[in-house]
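Here's a quick briefing to read alongside the model. Keep the structure open and follow along topic by topic.

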Amino acid sequence: MYNSRLETMPLEELRALQNARLSSLVKRVYENVPFYKQQFDVIGLHPEDIKTLEDIHKLPFTKKTDLRDNYPFGMFAKPMDEIRRIHASSGTTGKPTVVGYTEADLGVFDEVVARSLACAGARPGMKLHNAYGYGLFTGGLGMHGGATKLGMAVIPVSGGMTERQLTILQDFEPEVICCTPSYAQTLADELEKRGIDTDSLAVKYAVLGAEPWTEAIRSQVERGLGVRASNIYGLSEVIGPGVSQEDFEEQGSGSYIWEDHFFPEVVDRDSGEPLPYGEEGVLVFTTLTKEAFPVLRYWTNDICSINYDPNGKRTHIKMSTIKGRADDMLIIRGVNLFHTQVEEVIHMFDYLSPNYRLLVDKKGAMDKVTVEVETVANVEPENEDLRGRLKKKVKDFIGLSMEIVLKSPGSIPRSQGGKLSRIVDRRVKSV
Ligand code: DLL
């Protein structure tokens, strides 16, 4: 454990810390960010009205559109001469979201990423193969700072150039790798193609995140790279990677949210009402300590649930894996669909690999989904029995009839280093 005092703090103590941080945060944003002052004034709210976390529901949500409306620096709570770094995340439409960090914020960033890496199995003295992209994306530099703080040697490979990644994995002998789960699949594929035995590699742990993934990909990557793979979650608006992290020895039970810095809520996606622990809804964060770019009740659009784990090593709350983003959810003939649901069904078949994509078309007035999925090596895609069984399982588990196309290994586009989109929506063109 990297910072055992903070990570195992008794809940009452954690709440007291969060309460103190929340009331100071609310004052800071009211005084320094015109957007928040105006939001408060419109509903007649005063910073003194927010004394504890019990009052947090009085605060309005902050949404991505609010950040866009204040592009690029309007949400900063500190003057530019106190800003030490700027990142941006490119949305699918419009202007990117711009975020800033003071020196203290970069310290928090390093701290939470160091905790996350340790939680994933990394230790001081190990080497980190960092295949997250360096640049405006928070992945590369974020993991870099945290690994340095933990006492690791960072290999700043960045994303892409797969051939070079393999050489470094073989020659530099990193014990830990971090990248997107889809890029880990690409690397696993390439190792197999070249006949490189994972026993010849030093790598033991993979820290995967930045896009939704399920146990199907975990099995493939763990086998293909010879690692224990754990989930890292985060978003630029809250800090970057390291908002939450799964413990490598508690796989499948959720990821610890570092709630001394990031206070989570899960709310109903339609009404915005807070939901009880364990219920699935939209994840919302309040950054308790950030100086340059604090957010109050930031609506992430990510769908998951949160709950405490009485058997966990740490006291902080855990979040389930992200099912998908509310704005990536498909509504097909009235049924809500996330691509991760299809991934889970694929995982039930030994002869299928989680290299897949969903093609969405319009056929007359109806939307139609085609699942393209690769078979594993030595299994012919012309397998009517397998195709029929997958079609039935998809219908049984998801409640939708989908077209199934089995493909040969290697025929579906792979991640070239960054986030992979598994949905190809062709409806706009075919209307
Ligand atoms: O993706 C930060 C990050 C970098 C996280 C490296 C983990 C590792 P953004 O580009 O702002 O930041 O994208 C944030 O990506 O709201 C989620 O929808 C998605 N996302 C991030 N991590 C996960 C994850 C980075 N572990 C958006 N599982 C978030 C599912 C994830 N989705």
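This is a predicted model: local features need pLDDT of at least 70, side-chain atom pairs count only at pLDDT 80 or more; totals for chains, interfaces and linings use all residues.

Is threonine 300 buried or exposed? Threonine 300 is buried, with a relative accessible area of 3% (buried means under 20%, exposed over 50%, and partly exposed in between, using a 1.4 Å probe and protein chains only). Residues are numbered from 1 along each chain as its sequence is written, and side-chain values use heavy atoms, with hydrogens and water left out.

- Threonine 300 sits in strand S12 (residues 298-304); helices (H or I, at least four residues) and strands (E, at least two) are DSSP runs, numbered from the N terminus.
- The threonine 300 side chain reaches the backbone nitrogen of aspartate 302 at 3.0 Å, which is a polar contact (a pair of N or O atoms within 3.5 Å; within protein, one must be able to donate a hydrogen and the other to accept it, and residues adjacent in sequence count only if both atoms are side-chain atoms).
- Setting aside neighbours within four places in sequence, threonine 300 is in contact (heavy atoms within 4.5 Å) with Tyr233, Leu235, Val282, Leu283, Phe285 and Arg325.
- Arginine 269 belongs to the loop between strand S10 (262-267) and strand S11 (281-287), and at 34% relative accessibility it counts as partly exposed.
- Not counting residues up to four places away in sequence, arginine 269 touches Val282, Trp299, Ile303, Ala326 and Met329.

**The ligand site**

- The ligand is surrounded by 22 residues, and the closest are Asn231, Ile232, Ser236, Asp302 and Lys419; a residue is near a molecule if one of its heavy atoms lies within 4 Å of it.
- Aspartate 302 puts a polar side-chain atom 2.6 Å from an oxygen atom of the ligand.
- Lysine 419 also has a polar side-chain atom by a ligand oxygen, at 2.8 Å.
- On the backbone side, a polar atom of alanine 210 is 3.0 Å from a nitrogen atom of the ligand.
- Of the 610 Å² of accessible area that the ligand has on its own, the protein covers 94% (areas come from the Shrake-Rupley method with a 1.4 Å probe; for residues, only the protein chains shown count as cover).
- Helix H6 (138-150), strand S7 (228-235) and strand S8 (240-246) are the elements that give two or more residues to the shell around the ligand, and S7 gives the most, with 5 residues.

**Helix H11**

- H11 (residues 384-398) has 15 residues and spans 21 Å from its first C-alpha to its last, close to the 21 Å expected at 1.5 Å a residue; the expected span is 1.5 Å times one less than the number of residues.
- Leu386, Leu390, Val394 and Ile398 are its buried residues.
- Seen down the axis of H11, those buried residues fall within an arc of 70°, so they line one face of the helix (the arc is that of the directions from the helix axis to the C-beta atoms).
- On the other side of H11, Glu384 and Lys392 are exposed.
- Cover for the buried residues of H11 includes strand S17 (335-337), helix H10 (339-346), strand S18 (352-363), strand S19 (366-375) and strand S20 (403-407).
- Asparagine 383 caps the N-terminal end of H11, with a side-chain oxygen 3.3 Å from the backbone nitrogen of aspartate 385.

**Helix H7**

- In H7, Thr162, Gln165, Leu166, Ile168 and Leu169 are buried.
- Viewed down the axis of H7, its buried residues fall within an arc of 165°, so they line one face of the helix.
- They pack against strand S3 (127-130), S4, strand S5 (176-179) and helix H8 (181-193).

- Most residues other than glycine have a negative phi, and most peptide bonds are trans.
- Tyrosine 71 and proline 72 are joined by a cis peptide bond, with omega about -10°.
- Serine 158 has a positive phi of about 70° although it is not a glycine, and at 18% relative accessibility serine 158 counts as buried.
- Just after H7, glutamate 173 takes a positive phi of about 50°.
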